[in-house]
Amino acid sequence: MTIREDAFVIIQESIKAVLPQAAVIKALEKKNFSGDVTVVAVGKAAWTMAFAAKEKLGDKVLRGIIVTKYAHSKGPIEGFEIIEAGHPVPDENSVIGAAKALELVKNLDENDDVIFLVSGGGSAIFEKPMEGIELEDIMDITNQLLSSGADIVEINTIRKHLSDVKGGRFALHCKANIFSVVLSDVLGDRLDSIASGPAYPDSSTSQQALEIVEKYKLKVNEKVLEALKTETPKEINNCETVITGSVSELCSAASSIAKSLGYQPLLLTSTLDCEAKEAGRFMASVGREIRSGNGLATPIAVIAGGETVVHIRGKGKGGRNQELCLSAAIGIEGLNDTVIFSVGSDGTDGPTDAAGGIVDGETASKIRSADIQPEVYLDNNDSYNALKVSGDLVITGSTGTNVNDLTVLLCK
Ligand SMILES: O=C(O)[C@H](O)CO
């Protein structure tokens, strides 16, 4: 197999290893639901998680709702209503989805059980603005945050203070017992940040929210400022939470698959969270060291998992994984038998149809031969269009899971 073929096997098989079905079923097996249950599934992996719950509990599922991203539903599931909504910026459907979920649980009491299936993406997909706040306010501040370089904990601190279903508030609307099964796409598995913790006590404070506004010079109106000053719930008594999967599992899967393909796996980190293009430069520099013969012995797979950030300065199209790859392509230009890929496990990287990219020693020169300077495209945050020219986008479609990103350097 070629080194690129190896890379694609690692991508496919690692993502397969973190599909949430088996983990959801295992989590539900540990619970004994005496009566019927209501299922609310929210996030990019909502459909897959709901499907697993239905498979496990069958007719015990009285009713359910799935609120997921556009094009993330894989078809009807008996008893479930499915709403697809905006991501990474919420839209009208995010509000409709949350309203329907609240309607579903409204009349339940402490004798009832709700299974709440939570995955990343939920912050945008599932929304009920706080009283006095308009959806447009949330859309505007989300856009500002997404291009500011703020990390997900900071972004969600703001989101939680403006929403009536985030930061534990969904649980406050529901009087039933909530069993929450959470697929983590947040480094360190911070439960109050994953999908903005709709059913988890919030550890962020108004003070922090105001500091984030200051730090990133966000433009906010009076009403938003007022809402940010209101504290989120710090105690939730009707919810039990379990985590089913995270980026660590994605990295371990990548390690074992790389090993089975003959590479010595080296797991560098599962908490990569720096600027995407710096991560790309770093991975490229490791590749150059290995190729110089002074570094680690080959074949080797250097693995990093996490979620990088991008300070958007340009007007191009891309995502953090593609930006990492374009930067890496410049760094490994001319090297043989060296490949770097970076993909989002959910199959979407930024507002593009790509999961990420895969680059090698020829990528940068292929881009240059189309009269495009990769450095200029990188500065314009236009990694999508540069990698499209070299044929180095990775397109998987929605994968059914969401546990952050996988970056791997392969040297054969
Ligand atoms: O939805 C979100 O907030 C992010 O994906 C993190 O979970």
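**View 1. The loop that holds Ala 195.** Ala 195 is placed in the loop between β5 (177–183) and α9 (206–215), where helices (H or I, at least four residues) and strands (E, at least two) are DSSP runs numbered from the N terminus. Although Ala 195 is not a glycine, it has a positive phi of about 55 degrees. The model is a predicted one, in which local features need pLDDT of at least 70 and side-chain atom pairs count only at pLDDT 80 or more, while totals for chains, interfaces and linings use all residues. Residues are numbered from 1 along each chain as its sequence is written, and side-chain values use heavy atoms, with hydrogens and water left out.

**View 2. The residues around the ligand.** Ala 195 is also one of the residues around the ligand, and among the others are Gly 120, Ser 123, Ile 152, Asn 156, Arg 159, Val 186, Ser 193 and Ile 194; a residue is near a molecule if one of its heavy atoms lies within 4 Å of it. The ligand sits in the largest pocket. A pocket is an open set of points, on a 1 Å grid over the protein atoms alone, where a 1.4 Å probe fits, with protein on both sides within 12 Å along at least five of seven lines, and a molecule sits in it if more than half of its atoms lie within 2 Å of its grid points.

View 3. A polar contact is a pair of N or O atoms within 3.5 Å. A backbone N or O atom of Gly 121 lies 2.7 Å from an oxygen atom of the ligand, and for Gly 122 a backbone N or O atom lies 3.2 Å from a ligand oxygen atom. In the side chain of Asp 185, an N or O atom is 2.5 Å from an oxygen atom of the ligand. Taken alone the ligand exposes 230 Å², of which the protein buries 93%, by the Shrake-Rupley method with a 1.4 Å probe.

**View 4. Two cis peptide bonds.** His 87 and Pro 88 are joined by a cis peptide bond with omega about 5 degrees, and Pro 88 lies in the loop between β3 (80–85) and α4 (92–106). Another cis peptide bond, with omega about -10 degrees, joins Thr 298 and Pro 299.

Definitions and conventions
A polar contact is a pair of N or O atoms within 3.5 Å; within protein, one must be able to donate a hydrogen and the other to accept it, and residues adjacent in sequence count only if both atoms are side-chain atoms. On a 1 Å grid over the protein atoms alone, a cavity is a set of points where a 1.4 Å probe fits but cannot get out, and a pocket is an open set with protein on both sides within 12 Å along at least five of seven lines; lining residues have an atom within 4 Å of a point.
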